[in-house]
Amino acid sequence: GAGAGAGAGAGGGDNNYTIHNSDDIQSTQTNTSPPSTTRGSPIHPSSFNTNTGNTSPATLSTSTTTTTPTSNSNNINKKQDWLLRMNRKLSETELGTLDPTRIPIHAVMNAWAKTKSSEGAGMVELWLRRVEEESEAGNESVEVTTKMYTMAVDAWAKSGEKGAATRAEAILQHMNTLYQNGNPNLKPTTGIFNAVINSWARSGEKIAPMRAEQILAWMDTLHKKGNPDIKPDKYSYNTVIHAWAKSGGKQAAIKAQELLTNMHNMFNGGNTSTKPDTITYNVVINAWAKSGGEGAAMEAEKLLYTMHRLYDAGNHDVKPNVVTYGAVIDAWAKSGDGGAAARADHILANMIRMHQSDPIKNGDLRPNTYVFNTVINAWAKSKQHDAASKAEEMLVAMGRLHACGIPGLKPDAFTYTAVIDAWAKSGYRGAATRADQLLEK
């Protein structure tokens, strides 16, 4: 085949994918009002159980239909039965007499939250509302806490329900209103703000990245006005950057890059909790990869080199890994630039050389099927005269590296399909025969 002359490895250009023995490569508050939304005025729910979007107010579930249990469902059924028993106890308890020693409120709310469903989120909110009512009725044995509100917000964030982010934000704003009205136990914290930001980031709504960034700005405002319990941290920023990355487009990548710069500026200004890490850089690089804009791949590669520079200078929080390289390679593969496939190939070769130079230290640079497939696909789509042979050389290299002890590197159906596609488009005499031979494999 075309990869017969690839020597010890494969790949395009002048890259040499040296294969070592398996032993060598095994390792491995003055103004605390929230910002307005892009749809108009801020969300100030008229009542805590307001129906928002498709999230209907919950009613207390106390029974369930009978199902035939399986070995995998017994534990789930037991948990569900326990939750429904607790709901029945709550419904039978007279207002003002709820006893947390008899009904484990936090445990029930946490269990409902972990169901990661709209029903579970609704149940958490219902229990939260009941605790509020108990407090209002003068029940001193029950106290509503910030943790309860955070559980409710987090439950909506993980519910997957349309309108969940709006619901989560409404809960935060309700809690903040209670705090502003004199309840010192409901002082908002970084945790609940991060949960709301995460809810927006997961929502998939068009306004999600803008809204997530507005919540981040609200956090920063509250912190600057004297609330030490609210302080944007690495998680806050990473989640907002992720929201922008998911939205796609060049402007999204620019916003992600700006947020990364802000993190560095805040860290240099003394906020150690905003120090960017590998995840931060990976998400920004991914934003550039998804943007498809002119120069996006080069911006992604610049960030990779910045990470290496920082790491070499002693910042071990930004060590590039295989995900980093995969995102940069993906950026080049999607760029459509002339020479993009060769550039992606070169970057992969560098990663492999680094991994093989010190498989222990650079265990997180061990190549996998995804990065190889991305480069192979880039060659297949490059329309270069030797694209098919380059793609097949990499297929051969994958097999050899896998045989030498890299379990996560094995050609799959996508690998073969991409190489076959490259031959089909090559126009070479005998290309159809070669494609058939690969198909037989």
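**Close-up views of a helical chain**

**View 1. Helix α15 and its buried residues.** Helix α15 buries T369, V371, F372, N373, T374, V375, I376, A378, W379 and A380, where buried means under 20% relative accessible area, exposed means over 50%, and partly exposed lies in between (1.4 Å probe, protein chains only). The model is predicted, so local features need pLDDT of at least 70 and side-chain atom pairs count only at pLDDT 80 or more, while totals for chains, interfaces and linings use all residues. Residues are numbered from 1 along each chain as its sequence is written, and side-chain values use heavy atoms, with hydrogens and water left out. Helices (H or I, at least four residues) and strands (E, at least two) are DSSP runs, numbered from the N terminus. Because 10 of its 12 residues are buried, α15 is largely enclosed by the rest of the structure. The partners packed against these buried residues are α13 (322–335), α14 (340–357), α16 (387–403) and α17 (413–426); contact here means heavy atoms within 4.5 Å.

**View 2. The start and span of α15.** A side-chain oxygen of N368 comes within 3.2 Å of the backbone nitrogen of Y370 at the start of this helix. That is a polar contact, a pair of N or O atoms within 3.5 Å; within protein, one must be able to donate a hydrogen and the other to accept it, and residues adjacent in sequence count only if both atoms are side-chain atoms. From first C-alpha to last, α15 (residues 369–380) reaches 16 Å, close to the 16 Å expected at 1.5 Å a residue, taking the expected span as 1.5 Å times one less than the number of residues.

**View 3. F193 and W218, an aromatic pair.** How many aromatic pairs does the structure hold? There is 1. F193 and W218 form this edge-to-face pair, with 5.0 Å centre to centre and 75° between the planes. Rings of Phe, Tyr and Trp (its six-membered ring) pair if their centres lie within 6.5 Å; planes under 30 degrees apart count as stacked, over 60 as edge-to-face and the rest as tilted. F193 sits in α7 (residues 190–203) and W218 in α8 (residues 208–224), so the pair ties together parts that are 25 residues apart in sequence. Both F193 and W218 are buried. Beyond four places in sequence, F193 also touches residues including L172, P188, I215 and M219.

**View 4. R130 in helix α4.** R130 belongs to α4 (residues 118–136). Is R130 buried or exposed? R130 is buried, at a relative accessible area of 12%. Its side chain reaches the backbone oxygen of T93 at 2.8 Å. Setting aside neighbours within four places in sequence, R130 contacts L90, T93, E94, L95 and L98.

**View 5. T239 in helix α9.** Look for T239 in α9 (residues 234–247), where T239 is buried with a relative accessible area of 7%. A polar atom of the T239 side chain lies 2.7 Å from the backbone oxygen of Y235. Apart from neighbours within four places in sequence, T239 is in contact with I197, N198 and A201.

**View 6. Q257 in helix α10.** Q257 is found in α10 (residues 250–268) and is partly exposed, at 21% relative accessible area. Not counting residues up to four places away in sequence, Q257 touches V284, W288 and L303.
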